[in-house]
Amino acid sequence: MDHDEITLEQARKSASLKWTRYGPGVIPSWIADMDFPVARPISELLRLLADSGDLSYAPNMHEEPLAQLFSQRMQNRYGWVPDPSGFDSMTDIVQAIYIAVAVLCDEDHQVILQTPTYHPILSACRKMNREMVFNSLVPAGNGWQIDFDQLRDCMGPRSKLLLLVNPHNPSGKAFQKDELETIAGIVLENDLFVVSDEIHCDLMYSNAGPHIPFASISREVAERTVTFNSATKSHNMGGIRCAMAHYGSESLRKQFDRFPDGMRGGSNAVGNRATRIAWEQCDDWLEYTISYLEANRDYFVSFLQREMPDLRHVPNQSTFLAWVDCRELHLDHDPAEFFLKRAKVAAYSGAQFGPGGEGCIRMNFATSRSILSEKLERMKRALSEIY
Ligand SMILES: Cc1ncc(COP(=O)(O)O)c(C=O)c1O
């Protein structure tokens with residue numbers, strides 16, 4: 001296991017969406033896949049499944065050891081003790097968010113989002129005609145701050161659902177306990193439901209404390225919280241489709257049960273087995289990967305400061321997705337388009353992430369150091385050509 005060994009030539013052989021969308025000259029830095037191979041126990045499992053020819057239907061979640069395993073993992077790592085009977089399986093988290101929006105609020109209600117935010121969440125609200133209310137996350141020195149006054153001010157009789165991304169994508173912010181407690185107070189005062197998308201929780205760096213599940217704040221908060229999680233981001237297997245939902249109360253489960261199960265999907269046998277192996281046997285891979293990512297994060301930060309000081313960036317506390325504010329470049333068009341055209345580096349346009357995203361890009365630093373360095377050198381060269 002050596003993430004340093006991945007070369008551009010090798011990475012280009014991937015049949016993934018990430019590497020095929022933009023053609024051979026471009027280095028992708030957009031979608032949230034890492035360029036690292038999965039942990040060996042996961043690839044061995046997949047080989048074994050293929051060799052055995054057994055690709056049958058998966059057992060139901062209550063007959064699966066996954067719920068118990070996840071509950072134990074949350075307890076060991078984060079001190080949260082979710083009741084294993086509160087779990088449900090989902091195909092993936094984006095789909096789960098759509099279902100949550102469908103069942104926890106209706107078209108008369110307002111959904112509160114902290115922006116910039118993971119763009120499929122915005123799409124879910126937009127496509128289902130839910131009115132969105134935005135609460136800003138604001139870069140402040142070496143961190144991001146929540147505008148709590150704005151969050152309190154935006155509450156009203158139609159406020160219904162808070163969609164939290166904890167830890168946060170695209171800022172890489174890890175929420176602190178006092179911040180989550182303040183959010184919890186506002187949630188209780190205004191009788192909101194909460195969806196807490198915690199897919200990035202295992203990817204925390206040393207400048208953050210341990211992850212704090214939102215439902216662990218208090219029993220009252222847990223009762224109105226649905227937590228979504230998955231091993232797919234931390235263990236780099238986005239293609240296997242397996243996610244977990246945890247309902248903090250029976251009444252929340254009942255709300256979700258109103259959604260027709262045939263339309264809901266669920267995880268599959270391969271996804272469930274791979275997730276189990278990830279949580280049971282791959283902590284050494286995860287630890288190594290986090291330390292590699294943290295070193296990449298540091299390299300990224302110092303490269304920007306040294307070579308492209310007009311790009312503003314708050315160092316990540318979590319995730320491998322870096323938010324870069326390009327507004328001081330005063331480009332006359334979207335910076336993502338600029339870097340795609342002039343540097344052949346494909347980043348996400350910040351504009352997709354809602355208010356506060358215009359003039360910014362989101363980049364992915366989960367790659368080998370040599371590929372990361374090539375991306376940044378290309379961007380530096382592109383900038384030197386226009387200034
Ligand atoms: C915050 C967040 N939620 C959900 C997802 C996607 O999860 P899934 O592949 O299970 O839909 C991502 C992917 O990057 C993400 O960053």
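The following legends describe close-up views of a predicted model.

**View A. Packing of helix α13 on helix α15.** Helix α13, formed by residues 283–307, packs with helix α15, formed by residues 369–386, at an angle of about 20°, and their axes are 11 Å apart. Because angles under 35 degrees count as roughly parallel, α13 is described as roughly parallel to α15. The crossing of these two helices, α13 and α15, is right-handed.

**View B. Residues at the contact of α13 with α15.** From α13, the residues N296, Y299, F300, F303 and E307 take part, and they meet R369, L372, L376 and K380 of α15.

**View C. The eight-stranded open sheet.** The strands follow the order β2-β9-β8-β7-β6-β3-β4-β5, and their pairing is mixed. Strands β2 (87–90) and β5 (143–146) stand at the edges; each has a single partner strand, so one side of each lacks a neighbour in the sheet. From one strand to the next, the twist averages 25°.

**View D. Pairing of strands β3 and β4.** Strand β3 (residues 110–115) pairs with strand β4 (residues 131–140) in the parallel sense, over six bridges. Within this pair, Q110 has E131 in β4 as its bridge partner.

**View E. Helix α5 against the sheet.** Helix α5, comprising residues 93–104, packs on the sheet and touches β2, β3, β6 (159–165), β7 (193–197), β8 (225–229) and β9 (243–247). The direction of α5 makes about 175° with that of β7.

How values were computed:
Residues are numbered from 1 along each chain as its sequence is written. This is a predicted model: local features need pLDDT of at least 70, side-chain atom pairs count only at pLDDT 80 or more; totals for chains, interfaces and linings use all residues. Axes are lines fitted to C-alpha atoms, for helices over the stretch in contact, and angles run from 0 to 180 degrees between N-to-C directions. Helices (H or I, at least four residues) and strands (E, at least two) are DSSP runs, numbered from the N terminus. Angles under 35 degrees count as roughly parallel, over 145 as roughly antiparallel, 65 to 115 as roughly perpendicular and the rest as oblique. A crossing is left-handed if the near helix is turned anticlockwise from the far one by less than a right angle, and right-handed if clockwise. Two residues are in contact if their C-beta atoms, placed from the backbone, lie within 7 Å. Two strands pair if DSSP finds at least two bridges between them.
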